Amino acid sequence: QVQLLESGGGLVQPGDSLTLSCTASGSFQSINDMAWYRQSPGKQRDLVAQYTRGGSTIYADSVKGRFTISRENAENTLYLQMNNLKPEDTAVYYCYARLWRSATLYNYWGQGTQVTVSS
């Protein structure tokens, strides 16, 4: 059993900062890629930022320069530092991980954490 536990969401004002974290636990050999996605009501789930096993990062254009993704491999934890938050960043943020289990790659999702940016 593998779980992705997210934390750090909340209600903030425009211009504020927030940090999300996601920790993978359970039975697996190693983590391949990890990423943050977000979904607003009535919209599809979109990639926000990705952190590959090799250390490369990819960001959605809408968050470049404001969000920073990082990963603590020893703790199987992924972070998303979000600065200068805007109302359009309001969404449920989901952690995603691709893990090796028994020589097979599996995809896992967290339960989601709500981020609301409003004055």
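User: Why is strand β4 (residues 30–39) said to be largely enclosed by the rest of the structure?
Analyst: In strand β4, 8 of the 10 residues are buried, so the strand is largely enclosed by the rest of the structure. Buried stands for a relative accessible area under 20%, exposed for one over 50%, and partly exposed for what falls in between, with a 1.4 Å probe and protein chains only. The model is predicted, so local features need pLDDT of at least 70 and side-chain atom pairs count only at pLDDT 80 or more, while totals for chains, interfaces and linings use all residues. Residues are numbered from 1 along each chain as its sequence is written, and side-chain values use heavy atoms, with hydrogens and water left out.

User: What makes Asp33 buried or exposed?
Analyst: Asp33, which is found in strand β4, has a relative accessible area of 17%, so it falls under the 20% limit and is buried.

User: Which residues is Asp33 in contact with, leaving aside its neighbours within four places in sequence?
Analyst: The partners of Asp33 are Gln50, Tyr51, Thr52, Arg53, Arg71, Tyr96, Ala97 and Arg98. Contact here requires heavy atoms within 4.5 Å. With Arg53 the separation along the chain is 20 residues, and the C-alpha atoms of Asp33 and Arg53 are 5.4 Å apart.

User: What makes Thr52 buried or exposed?
Analyst: Thr52 has a relative accessible area of 16%, so it too is under 20% and counts as buried. Thr52 lies in the loop between β5 (46–51) and β6 (57–59). Leaving aside neighbours within four places in sequence, Thr52 is in contact with Asn32, Asp33 and Arg71.

User: How do you know that β4 and β9 pair?
Analyst: Two strands pair if DSSP finds at least two bridges between them. β4 and β9 have 8 bridges, in the antiparallel sense. β4 and β5 also pair in the antiparallel sense, over 5 bridges.

User: What makes phi of Ser102 worth a remark?
Analyst: Most residues other than glycine have a negative phi. Phi of Ser102 is near 50°, a positive value in a residue other than glycine. Ser102 belongs to the hairpin of β9 and β10, which has 2 residues between the strands. Ala103, in the loop between β9 and β10, also has a positive phi, near 65°. In the hairpin of β4 and β5, with 6 residues between the strands, Gly42 in the turn has a positive phi of about 80°.

User: Are Ser102 and Ala103 buried or exposed, and what makes them count that way?
Analyst: Ser102 has a relative accessible area of 63%, so it is over the 50% limit and exposed. Ala103 is at 69% and therefore counts as exposed by the 50% limit.

User: Where is Leu5 placed, and what makes it buried or exposed?
Analyst: Leu5 is in strand β1 (residues 2–7). Its relative accessible area is 57%, over 50%, so Leu5 is exposed. Leu5 is still in contact with Ser21, Cys22, Thr23 and Gln111, leaving aside its neighbours within four places in sequence. Leu5 and Thr113 are 108 residues apart in sequence and 9.6 Å apart in space, C-alpha to C-alpha.

User: How many helices and strands does the chain have?
Analyst: The chain has 0 helices and 11 strands. Helices are DSSP runs of H or I with at least four residues, strands are runs of E with at least two, and both are numbered from the N terminus.

User: How do you know whether the radius of gyration of the chain agrees with that of a compact globule?
Analyst: The radius is taken over C-alpha atoms, and the globule rule is 2.2 Å times the number of residues to the power 0.38. For 119 residues a compact globule would be near 14 Å, and the chain has 14 Å, so the two agree. The C-alpha atoms fill a box of roughly 50 × 25 × 25 Å along the principal axes. Of the 119 residues, 40% count as buried.

User: What share of the contacts with a separation of 6 or more comes from residues 24 or more positions apart?
Analyst: Residues 24 or more positions apart account for 55% of those contacts in the chain.
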